[in-house]
Every structure is written in structure tokens, then in C-alpha cells.
Amino acid sequence: LAVERISKDPSLDLGHRLDYVVLGEECETPRALLRFIDFGKLSSAFIGPLNPGFCELATLLGENWNKAIFSWMCVNYRLDSTTHHPTFARTLPSPAQVLFTVMKHFSWAHVGIIASNDDIWRDSANKLASALRSQGLPVGIVTSIHRGEKGIEDTWNEIKEVDGIRIIVLCMHSVLIGGEEQATLLTKALEMGLADGRYVFIPYDTLLYSLPYQNNSFNIFDDDTKLQEAYDAVLTITLESGERTFYEAFREAKESGEIIRDLEATQVSPLFGTIYDAIYFMAMAIDSARRNGARVSGCNIAEHTKNFSFPGFNNWIQTDNCGKRMSNYVILDTDGRGNQLFPTHLLDMASDSVKSLAWAIHFPNGAPPKPDSSCWFDPDVLCNGG
């Protein structure tokens, strides 16, 4: 869909016909990297990779091939140095930066991370931990879900043993788009009395796309009151939609005949929109490089991601004069009873600010987890003692 729309966009001058090939990425990190090495001759630029575990190595290969890598998934903080990684460009703000902004606003510094057992999620968890630690935050534990019901109980017991944790980040598929593992994990937390407000659970994957919440009911809560109750302890952070939600934009593309697959919008992951935006983002960078008289190479494409704006799949996309995407995020919460999510705060990533909205957060016990010392968020002060 993105490539077809780019080819018909009269405002873009790419100098070449844009085509795509879907490069299958192995699930296991070492095999995924080996497979990536074979892609060098297949593409002029890359949208990906999906697995943060080999982002740095893939970027080094991209530099060697002089081919740009446009990523929404790479959380590796070292890649933000344009001096060291001139062919790398982010199509979304780093998930670690979004989390840091939220944690700073609420003064929740101590964090634990639980990952699904797949390499992609374990590697996401480890890279996220590194990125948060690079900002000076105390990551108390990084673990993955143990097998079986007893294993899930053991996972929560590991978390309980670590003092002071306020936030638990869940690196796995969100229950709101079919993540059964997250549903099981949250239900077990409720049964063990851990969804009582002492922790705030934050799903990681919703940071990577625009979850449609306006006028949308999440039916998964209708037949599962335990999950509904457990989700009261969850704060969902997601990209704010523009004038249309992802589902509305998908239905429009289907009604216009651009999407011919027989799929309902609710059967499609909102990650569709993120990938679409990344491809258009790359096309805008190629166009910008050509307009500035630069040769279309990996370094030049990644360099020309500054100061542009264009309509994404379901929101407007802008970058600043450093090439950083200026996105808004929302914090969503349930009322502890129904099957809808409501926006409580707006995050403006251009200014790293958080603004309260009309809805207040509904905490399970009526009060948020205790705040941590502000020294954790001050780069000039060393935290010690309590």
C-alpha cells in the first residue's frame, strides 16, 4: 500500500521506481543476523530489523554496504549517535525515551522488566534495560516468563523479591491485540495479590504503534472479569492517532479498493500503520536528498530526515531539525470496570512534556505507587542512601 501510494504521489521525486521485497527474519537472533548478512545484495535500503538483538550489527553492516536502515524497533541507545552510525534513522522516538518521560513525570524510577520467551522480546527487554540504565535509572530485574502455571508464579515471586520496584514493563504481545501470554501473566498477578496498586504494569509493544482506543471496545474484557480487574493496574502508552484511528484509516483504504485482502480492520495489527509510515518516511528522505543535490546513498538518505512533514497512515508525521520524529503519545487507563480505555495524559515528545487530560488515572487502591527520589532524574546529582 505504501509503495503504491508513493508511486502515485506527485510531490515526490525519487529518481527511481520504488519496489519492495519482504525479507523473512528468523526468530532466533543468531540465525536472524546470519540471514541479514545475505540481504546485502537484495535491497538498497532496509525497513527493520524487527529484533533489537542485532540492530547494532545490522547497522554496522548497513554502513559497510552504504545502505540506510530505517527502524521503529531498535531500542539500542548507542545508535542515536549520527557520528558513529551515519546510515541509521529512527522512524519513531526510542521506546526507552518515551518510558523515561513517563517515569520522570510520576517520579517512578525503579523498574522491573518481564519478557516473553521469544528471542525478539528477550532481546527487547535487555536492550531496554541498557537504555534505561544509560539514563541512570535502577533496573532491578530483567527476567523472562517461566513455563507453565507454576513457572508464571515463580516469575512473579522473583519480582516480589526485588525491593522498591514501581513499574513493571511487559515485553510481549499486548493482550489488547491478542496476546494470550500477557493475559495469563496479569491474571496470575491478580491471583497472587500483586495487582493491588503496588506496581504499575506497562505493556511495551503498544509503544510501537497507534492503538485504536477512541469509540472502541476491547471485547477481551467482556468474558473475563479477572483480566478486567487485573488490567486496572495497567497503564497503556501508545502513539496518539490523528483525525482518524488506525481502524478507520484501514477501512477507508479497503473501501477505496487499495486493500483487496478480505480482512476486517480489527484482524490487522496496528503495527501495519507503523511499517507503512516507515516506508513513506524513507521515501521522503530520498526525495529530500535529491532536492538538495545529494547522491542517493545510505549516509545521504539517513542524513536527509530533517524538517519534513507528511500524512502518515493515520496521523501527521513531522521531524525536527535533527531528524527526530515529533510524536505525541497518550497514556490510556480503564475505569476498573468496563471494556474501554480512556486517555489520561498526553506526552509531547518534541518537548518531553506530559500534560494531564480530563480523565484521571484509576489506580486499584485509589493511590499510585510511592514516588522515588527526584535525584534519579537529575543527571547532575548522584543518588545514594534511600
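I began with the lining of the second largest pocket, which by class has 15 nonpolar, 8 polar and 8 charged residues (Ala, Val, Leu, Ile, Met, Phe, Trp, Tyr, Cys and Pro count as nonpolar, Asp, Glu, Lys and Arg as charged, and the others, Gly among them, as polar). I note that this is a predicted model, in which local features need pLDDT of at least 70 and side-chain atom pairs count only at pLDDT 80 or more, while totals for chains, interfaces and linings use all residues. Residues are numbered from 1 along each chain as its sequence is written, and side-chain values use heavy atoms, without hydrogens and water.

I looked up the volume of this second largest pocket, about 730 Å³ (the space filled by probe spheres set on grid points joined across faces, edges and corners). A pocket here is an open set of points on a 1 Å grid over the protein atoms alone, where a 1.4 Å probe fits, with protein on both sides within 12 Å along at least five of seven lines, and lining residues have an atom within 4 Å of a point. Of its 31 lining residues, D80, R90, C322, G323 and K324 are the closest to the centre.

I then turned to the largest pocket, with about 1600 Å³ of space; of its 47 lining residues, Y20, V21, V22, I47 and I279 are the closest to the centre. By class, this lining has 32 nonpolar, 9 polar and 6 charged residues.

Last, I checked helix α2 (residues 29-37) against helix α3 (residues 55-65) (helices are DSSP runs of H or I, at least four residues, numbered from the N terminus). L33, F36 and I37 in α2 meet L57, A58, L61 and W65 in α3 (heavy atoms within 4.5 Å), and by class this contact has 7 nonpolar, no polar and no charged residues.

Note on methods:
Axes fitted to C-alpha atoms, helices over the stretch in contact; angles between N-to-C directions. Helix = DSSP H or I, 4+ residues; strand = E, 2+ residues; numbered from the N terminus.
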